[in-house]
Every structure is written in C-alpha cells, then in structure tokens.
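Let's take a walk through this structure together. Keep the sequence and the 3D view open side by side as you read.

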Amino acid sequence: TGAIQVPMLAQDGWVIAASGSVVSALRAEDGAKIWSRDIGVPHARATIEGNNLYVPLESGHLRALELQTGTDRWTKGFNGAPSEVLAFSDRIYVGANDKFFYCLDAADGGRDWTQRVGAVLRGRPAAEGTRIFVTSFDNLLRAYDGHSGAQLWHRSLPFRPAPAAVIGTSIVVPGNSAELH
C-alpha cells in the first residue's frame, strides 16, 4: 500500500490501511486487496462497525463507506479534522478540531446532538452502557449521556491525558504521569 498515513485497523477479518489519500481494505486471512479508493488524506485511524467503515479526513470530513465494496454511504463536514470514531449500529460519536463533540445518526450522518468541549479531544471516545467518555487537551475527563448529549460530570486530571478506556466498571485514563488514574 505504500507508506502508512495513520495507524492501520485490523478487525473482524479486515485490515484497513491508508497511504497518502488512498484507503485500502485487505482481507486479513491472506492479505488480498478487496478494494482501494482515493478519498482524501486520513486524519485518524478508521473505525469498523457492522458493514460500515468510518474514515476521518484531514479536510474536515468524515466519510462513511460500505465496508465490503468501499462505496460511499455519506460524508459529513466539520470545521476541523475529526477524531477517531466510536461507532454503534445506530449512532456514532466523534470529536473535531473545532472543539466540539458530536453524536451522528449512523444511517445518514445527520446530527443528533452537539456539545462544545472547549478543547480538542484526545483520540477515540469510550463507552460504558449509555455513558460516553472523552478526554481533551484541557486535561479534563468528561462523561455524557449518549442519548441526550447532556454532560453528566467532568473531572480535572493532573496530567495531559491519552484517550480513556473502560475496563469493567472503571474508566482508566493513561497519560504523561508516573501514576495511572
């Protein structure tokens, strides 16, 4: 595929690789290239959910593609490059460099809700039940109701956080610190 633009995704029998502005879908079993498309320069790693592939682009667009063929489902524009996507069958969650956090309808990319974060998000959101968690460059961990978008709480962090991860009933936030919070 050439020099890799963003981290590759290996999931559900697929390997998704981006070289320059070309995104390729390979069969993980044998490495056979199933499709390849010039769609724009990726900004973050792609996300697979069901038969959907979501690709955040440097141009400030999020492209939703049909995983099996690479054909377009929809494209959504933002006022800044989108982050890695957290996707479910009905909704997707994504931040953008415009310092907003978005919930979109997975079927057509329509906006369900938007929250101003005030800082660029750090990577992919995390989820536990109906709660969605994001970390940001203002050193905060925020929790949102995934359906309404209401902010449930926020917690200040004593370091620059990496994306949060849910492990069991705990939210783990790694970052530049000698401690794990």
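Which residues of the largest nonpolar core touch the most other members? Before we get there, a word on what you are looking at: this is a predicted model, in which local features need pLDDT of at least 70, side-chain atom pairs count only at pLDDT 80 or more, and totals for chains, interfaces and linings use all residues. Residues are numbered from 1 along each chain as its sequence is written, and side-chain values use heavy atoms, with hydrogens and water left out.

Now to the core. It has 16 residues, and the members that touch the most others are Ile16, Val23, Ile48, Leu53 and Val55. A nonpolar core here is a set of buried Ala, Val, Leu, Ile, Met, Phe, Trp, Tyr and Cys residues joined through side-chain atoms within 4.5 Å. Buried means under 20% relative accessible area, exposed means over 50%, and partly exposed lies in between (1.4 Å probe, protein chains only). Strands β2 (14–19), β3 (22–27) and β6 (52–56) each give this core at least two residues, and β2 provides the largest share, three residues. Take isoleucine 16 as a guide: beyond its neighbours within four places in sequence, its contacts (heavy atoms within 4.5 Å) are Met8, Leu9, Val23, Ser24, Ala25, Ala46, Ile48, Leu53 and Leu67. There is also a second, separate core of 13 residues, with Ala64, Ile92, Ala96 and Ala106 among them.

Let's step back to the whole chain. The protein chain has 18 strands and zero helices; these are DSSP runs numbered from the N terminus, with strands (E) of at least two residues and helices (H or I) of at least four. Its radius of gyration is 16 Å, close to the 16 Å that the globule rule gives for 181 residues, so the chain is as compact as a globular protein of that length. That radius is taken over C-alpha atoms, and the rule is 2.2 Å times the number of residues to the power 0.38. Of the 181 residues, 45% count as buried.

Leaving aside residues within four places in sequence, tyrosine 144 is in contact with a list of partners including Phe101, Trp113, Val117, Ile132, Val134 and Leu152. Its C-alpha atom is 13 Å from that of valine 94, which sits 50 residues away along the chain.

Asparagine 139 is partly exposed, with a relative accessible area of 21%. Not counting residues up to four places away in sequence, this asparagine touches Arg155, Ser156, Leu157, Phe159, Arg160 and Pro161.

Finally, look at two loop residues with positive phi. Aspartate 12, in the loop between β1 (9–11) and β2, has a phi of about 50 degrees although it is not a glycine. Is aspartate 12 buried or exposed? With a relative accessible area of 60%, aspartate 12 is exposed. Lysine 99 lies in the loop between β10 (91–96) and β11 (100–105), and its phi is near 70 degrees. Lysine 99 is partly exposed, with a relative accessible area of 34%.
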